[in-house]
Amino acid sequence: AATAWGLDLTRATMIGDAASDVEAARRAGFANALLVTDPVEPYPASAPAPDREFASLAEAVDWLLSKPM
């Protein structure tokens, strides 16, 4: 699908809200970011650290839009 759409997956970032999302992104070869949706529930210490963390979806979108195309 990436080839069909002309996507450069080396520049892709997967944003998720769980440790399993960070792990899935790593396995797929993407950069990853964690959207902290529950500040009361800490990110598991045993899970790999995300490349980035965002406190809100708006913050994540702002960051994505600031990246060069």
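A: On a 1 Å grid over the protein atoms alone, a pocket is an open set of points where a 1.4 Å probe fits, with protein on both sides within 12 Å along at least five of seven lines; its lining residues have an atom within 4 Å of a point. Grid points are joined across faces, edges and corners, and the volume is the space filled by probe spheres set on them. This structure is a predicted model, in which local features need pLDDT of at least 70 and side-chain atom pairs pLDDT 80 or more, while totals for chains, interfaces and linings use all residues. Residues are numbered from 1 along each chain, and side-chain values use heavy atoms, without hydrogens or water.

Q: What volume does the second largest pocket have, and which residues line it?
A: The volume is about 160 Å³. Its lining consists of Asp-17, Ala-18, Leu-34, Leu-35, Val-36, Thr-37, Asp-38, Glu-41, Pro-42, Tyr-43, Pro-44 and Glu-53. These residues divide into seven nonpolar, one polar and four charged.

Q: What is the volume of the largest pocket, and how do its lining residues divide?
A: The largest pocket has about 230 Å³. Leu-7, Asp-8, Leu-9, Arg-11, Ala-12, Thr-13, Leu-64, Leu-65, Lys-67, Pro-68 and Met-69 form its lining, with seven nonpolar residues, one polar and three charged.

Q: How many helices and strands does the chain have, and in what pattern?
A: With helices (H or I, at least four residues) and strands (E, at least two) taken as DSSP runs, the chain has three of each. Along the sequence they follow α-β-α-β-β-α.

Q: What box do the C-alpha atoms fill?
A: Along the principal axes, the C-alpha atoms of the chain fill roughly 40 × 25 × 15 Å.

Note on methods
Ala, Val, Leu, Ile, Met, Phe, Trp, Tyr, Cys and Pro count as nonpolar, Asp, Glu, Lys and Arg as charged, and the others, Gly among them, as polar.
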